[in-house]
There are 2 protein chains.
Amino acid sequence: MNFENLLAPRTGNIKASAIRELLSVAKRPGMISLGGGYPAPESFPVDILNELTAKVLDKYGSKALQYDATEGFMPLREALTIYLQKKNIRVSAENILITSGSQGFLDAIGKVLISKGDRVAVEAPTYLGALQAFNAYEAEYIRMDTDGKGLIPESLEETLQSGNIKFIYLVPTFQNPTGKTIPMERREKIAEIIRTHDALLVEDDPYGDLRFRGTPVPPIKTLAPENVIYTSTLSKVFAPGLRIGFFIAPEDIVKWMVRVKQGVDLHTSTFNQALAAEYLSAGYLDKQMPKIINIYQPRQKVMLHALDKYFPDSFNWSKPDGGMFIWAEGPEGVDMEDIFFKAVERNVVYVPGKFFFTKKGEGIETLRLNYSNADEEKIEKAIKILSEVIKGEIRRS
Amino acid sequence: MNFENLLAPRTGNIKASAIRELLSVAKRPGMISLGGGYPAPESFPVDILNELTAKVLDKYGSKALQYDATEGFMPLREALTIYLQKKNIRVSAENILITSGSQGFLDAIGKVLISKGDRVAVEAPTYLGALQAFNAYEAEYIRMDTDGKGLIPESLEETLQSGNIKFIYLVPTFQNPTGKTIPMERREKIAEIIRTHDALLVEDDPYGDLRFRGTPVPPIKTLAPENVIYTSTLSKVFAPGLRIGFFIAPEDIVKWMVRVKQGVDLHTSTFNQALAAEYLSAGYLDKQMPKIINIYQPRQKVMLHALDKYFPDSFNWSKPDGGMFIWAEGPEGVDMEDIFFKAVERNVVYVPGKFFFTKKGEGIETLRLNYSNADEEKIEKAIKILSEVIKGEIRRS
């Protein structure tokens with residue numbers, strides 16, 4: 001039986017993740033991965049999960065195993081109000097909706113808003129998971145310029161003036177892939193621009209808590225509350241395997257998000273939501289956060305130091321105050337996808353930067369380096385090897 | 001800011017679940033619900049969850065909390081091969097894919113296959129959750145006739161002859177909403193018909209294990225393996241709050257399902273999949289199943305007995321060998337949605353049957369009765385009250 005002819009036309013547009021294919025080699029023994037965006041397994045609170053489970057069963061009993069509201073498990077939504085207050089976001093539990101990871105949010109907002117050909121404005125480069133979610137609804141992308149401080153407000157202004165933008169998608173803090181954070185002054189400009197244009201911004205903030213130094217910058221949500229859907233996840237501060245994301249949106253969008261989510265997965269795992277509720281409300285997160293930072297900060301330090309020591313002078317890279325990624329840019333003519341395959345031969349993987357751009361031909365000379373999933377020794381070694389490979393290729397060309 | 005004008009045209013088609021709105025009254029104190037399809041909380045293995053958690057953390061450590069493959073957690077897929085062998089389905093672990101509940105499967109297959117106006121053939125009446133998933137992709141429905149033995153094969157044949165059916169959706173065993181099971185002879189005919197027409201059948205089997213008496217009937221998947229996508233869930237034999245579903249499909253469909261699922265939720269909760277793997281492979285399910293049956297069987301018995309004792313003679317109802325539902329049909333002219341509101345006044349809820357039909361005007365005189373979520377005493381009482389309400393209404397008209 002031939003099923004290919006049964007596929008919906010949209011399905012053919014859903015490409016296999018190129019990164020996923022590339023990184024399949026990362027599992028080979030001996031490979032050092034600076035590729036995927038996996039949190040350090042050592043950062044997970046494995047040792048307290050038995051305790052959390054016991055508390056959840058004691059407190060909620062069979063309710064933690066039963067079907068629950070599509071909107072989310074109320075004790076978690078209540079715990080998140082406190083968590084969000086620390087980011088200056090003041091909302092009631094009813095306004096916080098739970099999703100199956102941020103990916104669950106990205107899919108739902110795509111389903112609610114995007115029709116074939118609708119234009120979504122994104123940073124160049126931008127987060128791939130968002131593109132993957134929106135591609136399924138046949139979005140088109142308008143790329144906006146960025147520099148060392150992230151999105152350039154003038155580029156946003158121009159984009160909105162060109163008209164017909166369904167919504168803007170940004171990761172303003174410790175962005176994936178660049179690690180860059182949009183500073184307060186720009187956030188205020190961005191907030192003003194979207195208010196003036198009555199535009200809708202999706203602010204994705206998975207990394208905000210992973211700050212190693214400097215002062216936290218408030219979410220754009222706090223500056224233009226009515227124009228921003230704020231979304232985040234517990235994947236980086238609890239455990240990604242639990243698949244807990246959440247969002248805050250204007251009421252008339254929430255209504256549709258709930259209907260859509262009901263058709264997609266009924267609701268997010270009650271048990272995991274109950275574990276997360278307990279993790280947040282009983283103070284486990286507050287104890288865990290310094291431990292997580294203490295794992296990532298030295299890894300980033302070693303990577304930055306190794307880049308300084310080994311990388312070719314013709315390369316520049318970001319020096320983020322937190323998050324999981326460093327972004328590097330080589331001189332024109334260097335093809336970081338070509339070099340990827342040479343690096344694999346020497347047991348080092350990273351992600352060629354071109355995959356984070358929506359416009360073909362952009363980002364050929366760029367790369368994303370992840371430091372959350374390898375220890376300091378391996379990071380130092382991998383950067384040294386990668387530098388040798390790059391230098392060898394530059395010499396040859 | 002007005003967001004309604006940003007909605008994708010498809011979104012307006014996604015109706016709020018009428019049942020959900022109706023059943024919102026079920027939460028009022030004193031209400032007896034024969035409405036929703038919730039498993040009995042007493043059927044959940046709450047007492048073993050601490051043990052399961054400890055075993056999972058011991059066996060898999062941080063791996064149980066990390067991101068995992070979109071296809072599913074391998075130990076669960078391996079455990080499911082054994083589980084499925086008992087249903088005569090012989091597949092390797094690689095061919096079993098995990099979803100976030102069966103709803104996650106229904107959404108993904110809709111996304112992969114359905115474009116606006118595509119025709120999906122369904123039983124009349126059929127499962128609402130499937131319609132809700134498919135509605136988001138703007139499916140149209142072709143209703144097929146059923147009788148006391150479920151789908152009438154001749155109706156399937158006619159439907160396929162009419163052409164242009166994307167796929168057929170069936171719940172062949174202890175169907176929701178009717179509780180009916182398609183007997184072996186009909187399954188063989190159905191298998192032959194779909195093979196002849198080279199048609200694709202989605203066989204949804206969430207209730208197959210809840211058999212109180214009689215011999216299990218093999219899934220249609222075993223009779224036409226290449227034409228059937230088989231899907232099921234652990235919601236009724238473990239816990240719905242963990243959101244674990246699974247499916248087996250031809251390889252060229254699996255490829256697209258995985259890509260689609262990646263954009264929707266990356267993967268299903270690793271931790272919950274690990275719990276399920278342990279629940280299945282360490283023999284907990286085998287011990288739990290008789291307990292579950294011992295809760296439902298007497299409830300169904302009491303309901304059937306109460307229907308015999310109290311219900312008007314002009315009503316007929318199904319006597320299923322298992323599952324969670326009884327389907328009742330009144331004489332023409334009785335409006336079970338009208339009667340619903342009178343029953344609510346007397347603290348009893350059920351689901352008016354019309355909501356399970358895709359064609360307007362069908363099923364006005366029908367109702368679905370759930371017996372899994374109230375104890376025997378309440379079921380007896382509720383059926384008695386409901387009978388009085390119905391008799392009162394019939395007398396008045």
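How many residues of chain B are in contact with chain A? Select both chains: 66 residues of chain B are in contact with 66 residues of chain A, two residues being in contact if their C-beta atoms, placed from the backbone, lie within 7 Å.

This is a predicted model, in which local features need pLDDT of at least 70, side-chain atom pairs count only at pLDDT 80 or more, and totals for chains, interfaces and linings use all residues. Residues are numbered from 1 along each chain as its sequence is written, while chains are lettered from A and ligands numbered from 1 in the order in which they are written.

**The side of chain B that touches chain A**

Color α2 (49-60), α4 (101-113), α5 (128-135), α8 (251-265) and α9 (270-281) of chain B; these are the elements giving two or more residues to the side that touches chain A. Helices (H or I, at least four residues) and strands (E, at least two) are DSSP runs, numbered from the N terminus. Go next to α8(B), which gives the most to this side, with nine residues. Colored by class, the side has 34 nonpolar, 21 polar and eleven charged residues. Here Ala, Val, Leu, Ile, Met, Phe, Trp, Tyr, Cys and Pro count as nonpolar, Asp, Glu, Lys and Arg as charged, and the others, Gly among them, as polar.

**The two copies**

Superpose chain B on chain A: a rotation of 180 degrees with 0.0 Å of shift along its axis does this, at RMSD 0.0 Å. That is the relation of a two-fold axis. The same surface serves both copies, as 100% of the contact residues of chain B recur in chain A.

**Two domains of chain A**

Now select domain 1 (4-45 + 287-396) and domain 2 (62-285) of chain A; the bounds come from an automatic or database domain assignment. Their C-alpha centres lie 24 Å apart. The contact takes 35 residues from domain 1 of chain A and 33 residues from domain 2 of chain A. On the domain 1 side, α10 (284-310) and β12 (325-329) of chain A each supply at least two residues. α10(A) gives the most to that side, with eight residues.

**A sheet in chain B**

Finally, show the open sheet of four strands in chain B, in the order β11-β12-β15-β14, with antiparallel pairing. Two strands pair if DSSP finds at least two bridges between them. Two bridges join β14(B) to β15 (residues 366-370) of chain B. Pick Pro352(B): its bridge partner in β15(B) is Leu367(B).

Terms used: Copies are superposed by least squares on the C-alpha atoms of residues with pLDDT of at least 70 in both.
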